[in-house]
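Trainee: I am new to this structure. Please take me through one part closely, the charged side chains and the contact of the chains.

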Number of protein chains: 2
Amino acid sequence: MKIPVVKKILSANDQIAADNRATFDELGVFVVNFMASPGAGKTSAILATTERLPKNVRPGVIEGDLASRIDADTIAARNIPVVQINTGGGCHLDAPMIRTALPQLPLQNIDLLLIENVGNLVCPAEFALGANLAVVVASAPEGHDKSYKYPGMFAAADAVILNKADLLQVFEFDVDYFRRGIEMVNPDVPFFPLSCRTGAGVDAWMSWLLEKQNSFAEDRKQSVIV
Amino acid sequence: MKIPVVKKILSANDQIAADNRATFDELGVFVVNFMASPGAGKTSAILATTERLPKNVRPGVIEGDLASRIDADTIAARNIPVVQINTGGGCHLDAPMIRTALPQLPLQNIDLLLIENVGNLVCPAEFALGANLAVVVASAPEGHDKSYKYPGMFAAADAVILNKADLLQVFEFDVDYFRRGIEMVNPDVPFFPLSCRTGAGVDAWMSWLLEKQNSFAEDRKQSVIV
């Protein structure tokens, strides 16, 4: 008798994340999941990104918070399609929440979907949403020891932004020490010190992001031709 | 037939928190649970507090982090008894972790036990440790909207510290707006804007804390006499 062996069982969340991803792929939407401590600058990073997109990369945003629609209002004021998810106390976004939000977005007119997770440097890393990239936003005022204290989050990152980098000296932030902490769990992860407030360093981040988005769009074109 | 009705079932965590509290009460240890986002300044607030204690209030510290012993090393360098709890990925301290840590501390020689929870503005509020007071440390760089976005944490506070208040202007932090958010969930909670770095405002916090600790100590003396 042959006994079936199932190699990898996806969790309910991972199954729905895979469904989300299939939807995104089908519609040509490149998706980035921004994770950070409260107040590190996820919304600022999303705004700085949308302001610098070429016209052929149309943005959309999903905002995650326990409560309030402060961030969604900020995004909507820029005429960017946005949905606010209130977790009602939940400490992270999950794939079912994203699935529920999708019908509220004009996905056919979105090339780059930026998801702002709940401000939390622990739990969001454990829940796939179906995004193409996970970006962790750290910030100078938090201190340079965060990469050592929250290794799971930094291990999960496809890129690390260090925001409020115009204030490194004020907070005696040792960038090398911080990076060594990251490298212990995630060697060679792209690293972007920048200031959303002054704009310094944002171009390097944008080049990297747009290269990723562009290569996704090119792959998709080719697979359509074939 | 009389049917027994049990009014309040304590969770496993709450039962152990109550045991912890009984231990603290018996030994005359007043306990404060510091909760905050990563990098808001919990360790700095604990250090600023220990530096200003009168001689008859002897401190002890429990440090909570996912990983590393950075904070415990900082505390130990001041010759303060300290235990580091590593949650190994867990997003909050809980009562069993505290119970496990207690035998490592000289509780007979501690009057004020300061517990630094994992940096997280969501989950720690949901887990009682057995402390007398819960103190939330916010900070200017996080922005003035945090009280609206993380209402559960601010609702759970017996006091709110606003740290890095020397940088309010740099971060365009509107204190009144921030306080209105707190008041929506926790009216009249004591509020202490201060800077651990400059020391400004720390005295007001110390007066309040020591009054609480003193009234705990007085109550205990009286109950011993009676």
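Trainee: How many salt bridges does a search of the whole structure find over all chains?

Mentor: The search finds 20 salt bridges over all chains. A salt bridge here is a side-chain nitrogen of Lys or Arg within 4 Å of a carboxyl oxygen of Asp or Glu. A word on the ground rules comes next. This is a predicted model, where local features need pLDDT of at least 70 and side-chain atom pairs count only at pLDDT 80 or more, while totals for chains, interfaces and linings use all residues. Residues are numbered from 1 along each chain as its sequence is written, chains are lettered from A and ligands numbered from 1 in the order in which they are written, and side-chain values use heavy atoms, leaving out hydrogens and water.

Begin with chain A. Arg52(A) pairs with Glu51(A) in a salt bridge of 3.8 Å, N to O. Arg52(A) is partly exposed, at 30% relative accessible area. The scale runs as follows: buried is under 20% relative accessible area, exposed is over 50%, and partly exposed lies in between (1.4 Å probe, protein chains only). Asp73(A) forms a salt bridge with Arg69(A), and their closest N and O atoms are 2.8 Å apart. Asp73(A) is partly exposed at 36%, whereas Arg69(A) is exposed at 55%.

Now chain B. Arg21(B) and Asp25(B) form a salt bridge, with the closest N and O atoms 3.8 Å apart. Both lie in helix H1 (residues 12-27) of chain B, four residues apart, about one turn of the helix. Helices (H or I, at least four residues) and strands (E, at least two) are DSSP runs, numbered from the N terminus. Arg21(B) is partly exposed at 30%, and Asp25(B) is partly exposed at 33%. Shared partners also link salt bridges into one network of Asp71(A), Asp145(B), Lys146(B) and Lys149(B).

Next, the contact between the chains. Chain B gives 33 residues and chain A gives 33 residues; contact means heavy atoms within 4.5 Å. The area buried between them is about 2,400 Å², with carbon and sulfur atoms giving 62%. Buried area is the accessible area (1.4 Å probe) that two parts lose on being put together, summed over both. Two salt bridges are counted between chain B and chain A. Lys149(A) forms a salt bridge with Asp71(B), the closest N and O atoms being 2.7 Å apart. On the side of chain B that touches chain A, helix H3 (70-76) and helix H5 (146-149) of chain B each supply at least two residues. H5(B) gives the most, three residues.

Finally, look at Glu142(A). It sits in the loop between strand S5 (133-139) and helix H5 (146-149) of chain A. Glu142(A) is buried but has no salt bridge; Lys146(A), the nearest side chain of opposite charge, is 6.4 Å away. For charge, Lys and Arg count as positive and Asp and Glu as negative, with His and the chain ends not counted. The side chain of Glu142(A) does make a polar contact of 2.8 Å with that of Ser37(A). Leaving aside neighbours within four places in sequence, the contacts of Glu142(A) include Leu121(A), Val137(A), Pro38(B) and Gly39(B).

Notes. Polar contact = N/O pair within 3.5 Å; in protein donor to acceptor, adjacent residues only side chain to side chain.
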